Amino acid sequence: MQRHADLAMHAGGKYLGDALTLDPHAQNEGPTSAMNAHVYEPLISRDPTLSKVPALALSWKIGDKRRVAFCLEGLATAAGTGQRLRAAQLFGAAAALRDAIGAPLPPSEQADYECNVAAARAHDADTFAAAWDAGSTMALEQTVAFALSL
């Protein structure tokens with residue numbers, strides 16, 4: 001027990017091996033990266049030869065369309081206010097996909113989703129609506145290619 005206390009003192013009050021944060025952009029050390037790998041799905045991953053492969057495209061290939069919708073919403077949020085039209089297209093595509101597969105956004109995600117959509121919609125609701133409509137009419141293959149080109 002004393003050993004853990006000694007280690008904690010040398011690690012700034014944290015036990016060695018504990019994740020320091022769940023923010024994937026705030027830290028780049030082993031335990032935190034390992035924890036984040038279990039919490040956040042990456043946009044890319046590695047195949048057995050360690051070549052980069054797109055995780056979103058892999059999800060699309062195996063038919064997990066609900067996961068694709070989550071990824072599209074995440075990419076739309078990342079595009080956010082910097083690329084409002086791209087965000088609107090991705091949000092529109094995700095909404096159309098959710099409607100098509102009968103997988104509504106979980107209630108626990110609704111507040112954050114509405115906030116993210118409102119941020120992307122700010123300043124020009126008509127242009128946002130047109131881009132949303134354009135995204136909602138994209139075929140799934142086109143949507144995935146568009147998302148991966150971000």
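Tutor: In H6, the buried residues are Tyr113, Val117 and Ala120; buried means under 20% relative accessible area, exposed over 50%, and partly exposed in between, with a 1.4 Å probe and protein chains only. This is a predicted model, where local features need pLDDT of at least 70, side-chain atom pairs count only at pLDDT 80 or more, and totals for chains, interfaces and linings use all residues. Residues are numbered from 1 along each chain as its sequence is written, and side-chain values use heavy atoms, leaving out hydrogens and water.

Student: Why would that kind of spacing turn up in a helix?

Tutor: An α-helix has 3.6 residues a turn, so residues three or four places apart point the same way.

Student: What do the buried residues of H6 pack against?

Tutor: They pack against helix H4 (65-79), helix H5 (84-101) and helix H7 (125-136). Contact means heavy atoms within 4.5 Å.

Student: And what comes after H6?

Tutor: Histidine 123 follows H6, and its phi is positive, near 85°.

Student: Okay, zooming out: how many helices and strands are in the chain?

Tutor: The chain has eight helices and two strands. These are DSSP runs numbered from the N terminus: helices are H or I with at least four residues, strands E with at least two.

Student: New topic, cysteines. How many disulfides?

Tutor: The count is zero, where a disulfide is a pair of cysteine sulfur atoms within 2.5 Å.

Student: Are cysteine 71 and cysteine 115 buried or exposed?

Tutor: Cysteine 71 is buried, at 11% relative accessible area, while cysteine 115 is exposed, at 52%.
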